[in-house]
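Here is a short briefing to read alongside the model. Please keep the structure open as you go through the points.

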Amino acid sequence: MHAERSFYRAHERAILGGAMVLLFLVAWEGLERGWWTELLRPLLGASAERFTLKPIFISSPTLVAQAAWRMFFVTGEIWRDLAWSSLGYSLGLALAIAVGIPLGLAAGWYRRFSYAVEPFLSALNATPQVAFLPLIVVWVGTGLGARVLIIFLLAVLPIAINAHAAVRTTDPRLVKVAASFGAGDWRLFRTVVLPSALPFLLAGLRLAVGRGMIGVVVGEIYGSASGIGAMINQAGSRFQTDKVFVGVLTIVAAGVILVEIVARIERRFDVWRPTTP
Amino acid sequence: MTAKLEARDIRLEYVQPRTNTRLVALDGVDLEVMDGEFVSIVGPSGCGKTTFLSVVDGLIAATAGRILVDGEVVTKPGPDRAVVFQDASLLPWRTALGNVVYGLECIGVRAREARERAARFIELVGLAGFEQHYPYELSGGMQQRVNLARALVMDPKILLMDEPFASLDAQTRELMQEELLRIWVQAKKTVLFVTHQIDEAIYLSDRVAVFSGRPGRVKEIIPVGIERPRPLGLKREPRFHAIEDRIWGLIDEDVRADRNRQGVDRGGANF
């Protein structure tokens, strides 16, 4: 008895989380298969029918799983979309990192540069960036360029804003230490500013990873022929609900994996910080 | 004996940005520290003693006057002076060893030699075995030991200490004072030590410079004249109290004068 309880205690989080997911899947499956209607008919009579929904509306876990199996391993049609989306996503995110980090660090380091770029950063940050999509299409068309650009636009702001704040919050006492030991600007930057900024940079990257996913879907809905976002859009307009779910779940899975990778990098650089109880 | 450090008529003015008024922080500070001597600066809070230390270090440029080390004028930080900072101020992402080698890195000492030298000084301050610990894993007293080793490893001519024990609890502070004297004897350094604790200043020093407040200048220099080594029990001896009373009197005068000038009773001297 005691041993079982401590097993539960040790895995409480996984057990409760897993149970909820399972419950949710059963409830969902039941809606499509009419389990709940059968169960409630004695109580509610004819109105129990409303507990059955057509697959076209909600599909079901088993239908989604079948569709996923088909798309990944029978027809293999999703791989092309996945590759196409990954390309746009990687390029957009890489560009956002390459621009956002130097931009933010420079704005934090040089006061005048910060004054110059602050209006743009604040304005862009306050705008829903997807509003720029029609303009982007006018400028670069609906190809890869447009998708890279919208992903870039979504991801660059959290990166730049965090990098900016990171430099600003450098402990002035440590700056004084470096100056007292005769460290030049470049050494001060390398040994004090950058290490203290790193957690902020990675937190910004973690936000950007999620924001970029929005770009994948929105960018491809706007007239792209392939990619996960385009696939979702097309399947949706044909009422292929199970395919829509496969697409959405693929994006969810990719997002979770990427955020986890960044979180692991964060932990890797966190050895010098006291662990919060 | 020759003067290791000379401050000649140091004046420091600055503009307070909020009120846009010109303030004088230091006005004609003259001070000499002899080779191997331990000199402390005490004074009412806000008298500019920490600011003066920054001027000596070269972090703040004096409006007028000169700082000389071994007779040479200095205007920038250099390896001939090293600071033991208030609040330890260790780089939190570096281990104890990493922090101690920091200054050596800055002057281009090769990594391996820097590590060997740092290890010696970590041992000197009594932290052998803690080289790979991060600052958060060390107690306040241990962090201050790393802070001290970081300055000593530079082998400076002059050690500048800015209220290094202010944030420690009373017992640890006393222990660290005793330790500092032990290390000072071994390392044979010239020390300029800023503190707001009069007994700490007397216990450690050969001479105590009493600053007057706003603008700061040297009001009087009190020779301690008590033989070394000094046991901690010295602090309870009458001759120690006599010096303490004299310094208290000097500072008290100043605080009262300042209070009358402002016409405000702040309720108790705030050291």
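This is a predicted model: local features need pLDDT of at least 70, side-chain atom pairs count only at pLDDT 80 or more; totals for chains, interfaces and linings use all residues.

Helices (H or I, at least four residues) and strands (E, at least two) are DSSP runs, numbered from the N terminus. Residues are numbered from 1 along each chain as its sequence is written, chains are lettered from A and ligands numbered from 1 in the order in which they are written, and side-chain values use heavy atoms, with hydrogens and water left out.

**Backbone details**

- The peptide bond leading from Arg228(B) into Pro229(B) is cis, and its omega is near -5°.
- Ser59(A) has a phi near 50°, which is positive although the residue is not glycine.
- You will find Ser59(A) in the loop between α4 (55-58) and α5 (61-74) of chain A.

**Where chain A meets chain B**

- Chain A brings 18 residues to the contact and chain B brings 21 residues, where contact means heavy atoms within 4.5 Å.
- About 1900 Å² is buried between the two chains, and carbon and sulfur atoms give 69% of that area; buried area is the accessible area (1.4 Å probe) that two parts lose on being put together, summed over both.
- On the chain A side, Ser180(A), Phe181(A) and Trp272(A) lose the most area to chain B, together 36% of what that side buries.
- The rule finds one salt bridge across the interface of chain A and chain B, a salt bridge being a side-chain nitrogen of Lys or Arg within 4 Å of a carboxyl oxygen of Asp or Glu.
- Arg173(A) and Asp87(B) pair their side chains in a salt bridge, at 3.3 Å from N to O.

**Helix packing in chain A**

- Helix α12 (residues 228-237) and helix α13 (residues 241-268) of chain A have axes that come within 8 Å and cross at roughly 155°; axes are lines fitted to C-alpha atoms, for helices over the stretch in contact, and angles run from 0 to 180 degrees between N-to-C directions.
- α12(A) and α13(A) are therefore roughly antiparallel to each other (angles under 35 degrees count as roughly parallel, over 145 as roughly antiparallel, 65 to 115 as roughly perpendicular and the rest as oblique).
- The residues of this contact between α12(A) and α13(A) divide into seven nonpolar, three polar and one charged; Ala, Val, Leu, Ile, Met, Phe, Trp, Tyr, Cys and Pro count as nonpolar, Asp, Glu, Lys and Arg as charged, and the others, Gly among them, as polar.
- Helix α6 (residues 77-109) of chain A also packs with α12(A), at an angle of about 130° and with the axes 7 Å apart.
- α6(A) and α12(A) are therefore oblique to each other.
- From α6(A) the contact uses Ile78(A), Asp81(A), Leu82(A) and Ser85(A), and from α12(A) it uses Ile228(A), Gly229(A) and Met231(A).

**Helix packing in chain B**

- Helix α2 (residues 96-106) and helix α3 (residues 111-124) of chain B pack at an angle of about 120°, with their axes 9 Å apart.
- That angle makes α2(B) oblique to α3(B).
- Residues of α2(B) in the contact include Val100(B) and Leu104(B), while those of α3(B) include Ala118(B) and Ile122(B).
- By class, the contact of α2(B) with α3(B) has nine nonpolar, no polar and two charged residues.
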